[in-house]
Amino acid sequence: MNGTRMRVVVVGAGLAGLTAAVDLVNAGAVVTVLEARDRVGGRMHGIPVSSGISADGGAAYLGVRHTELLAQLREYGLGVASTEMAGDSTFLMAGQRTTTPGRVPPLGAVALGDLFDRLDEIVASVRTDAPWLSPDAERLDRISVAQWAADVIDHPDAQTFLPLFLGEMMAADPASISVLHMAFYLSSGGGIRYLNAFEGGAQQWRIDGGSHLLCEALADRLGDRVRLDRPVLAIEQDRDGVTVACGPDSEGISTTYRADRVVVAIPPLLAQQIEFRPGLPEPRATAATGRGCAVKVHLSYPSPIWRDSGLSGWSVSAQGPLLSTVDDSPPDESVGILTGFVTGAAASAFSAMSEAEQREAALAHTRRLFPQLPAPSQCTVTDWLSETYSKGCYAALFGPGDWLRLGPSLIEPHGRVHWAGTETSLEFFGLMEGAIRSGRRVAAEMIAAGISQTDSRKVVSR
Ligand SMILES: Cc1cc2nc3c(=O)[nH]c(=O)nc-3n(C[C@H](O)[C@H](O)[C@H](O)COP(=O)(O)OP(=O)(O)OC[C@H]3O[C@@H](n4cnc5c(N)ncnc54)[C@H](O)[C@@H]3O)c2cc1C
């Protein structure tokens, strides 16, 4: 960048916004990151689960194809820990508890094979670089996965398995996503087998110490360019630049920032809550994407004691609340952590319960799954559906009609406003890898724009 330095405000200090901010600073821009919460990281969040130990309340897993994420971890001196899967799996199907060496629930192998063949067929037909241009895109975008399943899946075992699979992969209720979104998501993430696998797949590792450490490292590099407690309410463009207005912080102070360009690095549903002047064009202004539905439950034990009985801690249940569990204990086994996933329709019901009811339901389920275990010393619930600045997770869900309406303009800048966030990445959409790639893409887009500059002043008003 030559001449006056470009001034950029980045809205959102999640992985996408922080990545974009670092790239822009490295390119010589003057950057301010405005974050609504009192912490960075967004959907990457460490929660205390035992004295001095935290677990991933949000994003956790990564695999070998997450090349940008692995490169960032190396750059910031962070390591990975393998997801421990040795031992038997536990299944609760039709009220029946079984333990077996395999990872797949004891359902008809032929029925599940047929289901995967059907899914493979649709996934292969979708254009990941432009899902809305896929052959048959209109039909696939019109129907929900639940409608599609009712038409093409006969076997009750496949009908049982599909919602469990989509809950685990996408935190989605089949009634709320289009077939096009399901196929796109599975393809974008590397295909069904890669996404679904632990060893060699997308769940091979966790970030050692927690995924939030990466966001904290990026924020450290940015220093006081990152401003917490700054909920952006309005973005107004004029001939010379952009004014970004934040609502009152915890001390009741509202702030306003001037910039040449703005990166909005938050999910589309949250971006729609910001007042834009001039207003966003259709369909960005109104096409409301669905919310991913996931609640995480962490159960703490003195050590991974299920391993003593030859169990991996991995479980799948046909009925909630904990549709699956996985062993997320730290590598040194100083504490045992079982992570339970409440996803899809079960998550909406769970989120509506009181905290006491959630704990009781989770503990009762754990007793059925692992009767040999003592009660956990701690049960921590992280409910993403009720998080004002996430509104669900793992990522936005595109329902019938959304891809054809929104897809073509998803990353089209609105004047001086540019878009990032994992929901704007066609590669690894919804994942940490997608967030980084979106941040890289938007920074490159702005650097290429190479605009001339104005002043970036902060105005404080009470
Ligand atoms: C339970 C759970 C499990 C997951 N599992 C995985 C996994 O295993 N592997 C994986 O790769 N991914 C996983 N994900 C997804 C992953 O977390 C996201 O893809 C990624 O973190 C998204 O980053 P982002 O920067 O795009 O968005 P976000 O992390 O949502 O960041 C947006 C930021 O903007 C802030 N913000 C929102 N509105 C405003 C506003 N008006 N003003 C200012 N700031 C605002 C938010 O507070 C937030 O910090 C999971 C997510 C969750 C929650």
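This is a predicted model: local features need pLDDT of at least 70, side-chain atom pairs count only at pLDDT 80 or more; totals for chains, interfaces and linings use all residues.

**Helices on the sheet**

I started with helix H11 (residues 344–351), which lies across S16, S19 and S20 and runs at about 100 degrees to S19.

Next I looked up H6, which lies across strand S7 (88–93), strand S17 (311–317), strand S18 (324–327) and strand S19 (336–343). Its angle to S17 is about 120 degrees.

**The sheet itself**

In what order do the seven strands come? I read S8-S7-S17-S18-S19-S16-S20, an open sheet with mixed pairing. At the edges I found strand S8 (96–100) and strand S20 (378–383), each pairing on one side only. On average, neighbouring strands here are turned by 20 degrees against each other, direction ignored.

I then checked S20 and its partner: strand S16 (residues 294–301) pairs with S20 in the antiparallel sense, over six bridges. Valine 295 stands opposite aspartate 383 of S20.

**The cores**

The largest nonpolar core has 57 residues, and I noted Leu119, Trp148, Leu162, Phe165, Met182 and Leu186 as the ones touching the most other members. Which helix gives the most to this core? Helix H6 (residues 156–170) does, with eight residues. Domain 2 (46–63 + 80–87 + 293–386) and domain 3 (110–196) both contribute residues, so this core lies between them.

I picked out tryptophan 148: beyond its neighbours within four places in sequence, its contacts are Arg118, Leu119, Ile122, Ile143, Ile153, Leu162, Val179 and Met182. Apart from this core I found another, of 40 residues, including Val10, Leu15, Leu69 and Val226.

How values were computed:
Residues are numbered from 1 along each chain as its sequence is written. Side-chain values use heavy atoms; hydrogens and water are left out. A nonpolar core is a set of buried Ala, Val, Leu, Ile, Met, Phe, Trp, Tyr and Cys residues joined through side-chain atoms within 4.5 Å. Buried means under 20% relative accessible area, exposed over 50%, partly exposed in between (1.4 Å probe, protein chains only). Helices (H or I, at least four residues) and strands (E, at least two) are DSSP runs, numbered from the N terminus. Domain bounds come from an automatic or database domain assignment. Contact means heavy atoms within 4.5 Å. Two strands pair if DSSP finds at least two bridges between them. Axes are lines fitted to C-alpha atoms, for helices over the stretch in contact, and angles run from 0 to 180 degrees between N-to-C directions.
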